[in-house]
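Colleague: I am new to reading protein models. Could you walk me through this one, feature by feature?

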Amino acid sequence: MRWGVQDVSIMFGGRPALSDVTLGLNPGHIAVVVGGDGAGKTTLCRTIVGLEQITEGEVSRPDRTSFQPESSGVWSDLTTLENLEFVARGYDLDASHARDRIEELLDVTELGEARHRLGRQLSGGMRQKLGVAMAVLSEPELLVLDEPTTGLDPVSRLELWSFITRSAREGRAVLVSSTYIDEAVRGDTVLALEGGTVLASGEISDVLAGMPGRLFVSEHKQGASSWRRGQSWRAWSGDGSPIPGAREIAPDLSDVVTVAALAGEQS
Amino acid sequence: MLAMILKEFRQVRRDRRTLAMLIVMPVVLLLVFGYAASFDVEEIPTVVAGSQAEAVSERLPEVFTVESADSTASRADAENDLITGKAHVAFVVDGQEITALIDGSELFMAQAAVRVITAASDQVPGLSHEVLFNPKLDTSAVLIPGLAGLIIVFVGTLVTSMSVVREREAGTLEQLAVMPFKPKDVFIGKISPYFLIASIDIVLVLLIGTLLFDVPFNGSVLPLSFGAVMFLFVALGAGVLISSVSENQAQAIQLALMTALPQIMLSGIIFPLSSMAPGVRWIGYLLPLTYFNQVAKGAMVRGAGLGDLLIPLGLLTLLGLAIFGLAITRFSRQLRPARARTSA
């Protein structure tokens, strides 16, 4: 891997916040960290950008690393344009290059009409897009985005992901954390966390193929290792034996993460 | 309703800092301010100058604590002792005439001295008194220089601490931490507007005090400006320090008020330091506003110059360096806790 964390552990007040986490970040690739509240996503993002002290392991990042915090990182009492101009000055960008880059980003994010609107007057989706635009403005080698899509409507999420994908296509390594498991498929690699420990990690196809046991779908609950999804029930057979009355299906990422959590509880 | 009451009690119980403030602080404040709140003047630092200085000094009422009795000293020397703050009353003996020069910048001491001397003048022929610097003993002339300091405390400490905490609450401090700013750049950038606003406030307060309330400006701008800048560093540094131990703006306000209150009560602006019980007086000597008040009153009312105010200016500078240095160190550590542990 080019950058990332290797066997990193962090303790907060005697409790592990991250345990033995490894994640590679490579140019042109998107890594998605998924997990619920308290899974350790924000801690991992903050660790990679140097905002947390690690207890064990190694962290590496390029000098040109940008970060969008969970809160969007937008200054609410500056306008869209002022936010971008401040970041450009902070990174000491050449004035004419900065102007062109800001116009380009305002165009891509469709924030041009809101250029003179204060940060606090932007909608959630616009604020997050501005946050990502601020993070990519300096053309970083590594872009770390902490839950940029949380709380956004589906259309805003799509627009934001399109912008993030474009950033990766420009050759930068991108790390995105999300509470939405379905967003992991938009990345090249996924890391699923729970309580600071890794449930699953790797390329999406490998993670799907690597699920232990077999997965079934049924009309009814099938023992302890089953969970409801939509109108039906998923049932996991850890030893691979068939489940009567249930039909085997190929797991998706949500299933694999749930199975990893179940397997962890049972071991 | 019972559910609501129970909920509130639970919330109050869990907000330990507020609870401590609500229960412990009133007791502490009452004890501290109870011993501090006194206008009674029991000691007035005094010098005696001129012929028979020693003989006169032995006959002075007990309230005058004689710092020196010099038969070779002149009236000019005695006035200088008042300007430098060495003494607040100077008896100048010239043959049968004894003139008590009273420092009008120390209101309560001056009032007490006038009372005692007026009462004694019936028994001591030739005794007269003269109030210098603030002849009418105007309260505003004595209070306004100190009030300028109080305004710096509020703007500098309260507003700065809230501003830094607001940045942290909004998550934008993390953004700054990752940008290629040095911690000192962020620190200086954060406090710069408040430095300017507080500076404008001081100028406004002192201008209004001079023009509207006839506060005299007998001295030079230099010691006052130097003292004000040093005091600003203290106040802004304290604001950043408070922000570093506050999780939210409400906590920052609480802490800022807790640092402002003792400065109001114990810095000598309202109650004379010499009237306070020794058990609380030492707190006053640890407070930066005490020294700013001495500098401002000295420069404005008594016409003291830079050389006359070296001690309070020196102490203010030391406090400024200590508090500002501590604030920069803590702020830097909080801004980039892990920089040293990672590699590119």
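Modeller: Let's start in a loop: B:F133 sits between β5 and α6 (139-169) of chain B. Helices (H or I, at least four residues) and strands (E, at least two) are DSSP runs, numbered from the N terminus. Residues are numbered from 1 along each chain as its sequence is written, and chains are lettered from A and ligands numbered from 1 in the order in which they are written. Keep in mind that this is a predicted model: local features need pLDDT of at least 70, side-chain atom pairs count only at pLDDT 80 or more, and totals for chains, interfaces and linings use all residues.

Colleague: What is the phi of B:F133?

Modeller: Most residues other than glycine have a negative phi. B:F133 is not a glycine, yet its phi is positive, about 70°.

Colleague: Is B:F133 buried or exposed?

Modeller: A residue is buried if 20 or more other C-beta atoms lie within 10 Å of its own, exposed if 12 or fewer, and partly exposed in between, with C-beta atoms placed from the backbone. B:F133 has 26 other C-beta atoms within 10 Å, so it is buried. In chain A, A:E147 also has a positive phi, of about 45°, although it is not a glycine. A:E147 lies in the loop between β6 (142-145) and α5 (154-169) of chain A, and it counts as buried because it has 22 C-beta neighbours inside 10 Å.

Colleague: How many residues does the largest nonpolar core have?

Modeller: In soluble globular proteins, nonpolar side chains tend to be buried together. A nonpolar core is a set of buried Ala, Val, Leu, Ile, Met, Phe, Trp, Tyr and Cys residues joined through C-beta atoms within 7 Å. Here the largest one has 169 residues, and A:L175, B:A90 and B:A113 have the most contacts inside it. Helix α9 (residues 221-244) of chain B gives the most to this core, namely 13 residues.

Colleague: Which residues does B:A90 contact, leaving aside its neighbours within four places in sequence?

Modeller: Two residues are in contact if their C-beta atoms, placed from the backbone, lie within 7 Å. For B:A90, the partners are B:T46, B:V47, B:A49, B:A78, B:D81, B:L82 and B:L101.

Colleague: In what order do the 5 strands of the open sheet in chain B stand?

Modeller: Strands of a sheet pair through backbone hydrogen bonds, either parallel or antiparallel. Two strands count as paired if DSSP finds at least two bridges between them. The order in chain B is β2-β1-β3-β4-β5, with mixed pairing. At the edges stand β2 (64-70) and β5 (127-132), each pairing on one side only. Strand β1 (residues 44-50) of chain B runs parallel to β2(B), joined to it by 6 bridges, and B:V47 is opposite B:S68 in β2(B).

Colleague: How do α9(B) and helix α10 (residues 249-266) of chain B cross, and at roughly what angle?

Modeller: Two packed helices are described by the angle between their axes and the distance between the axes. Axes are lines fitted to C-alpha atoms, for helices over the stretch in contact, and angles run from 0 to 180 degrees between N-to-C directions. These two axes come within 9 Å and cross at roughly 135°. Therefore α9(B) is oblique to α10(B); angles under 35 degrees count as roughly parallel, over 145 as roughly antiparallel, 65 to 115 as roughly perpendicular and the rest as oblique. B:A238, B:I242 and B:S243 of α9(B) make the contact with B:A252, B:L255, B:A256 and B:T259 of α10(B).
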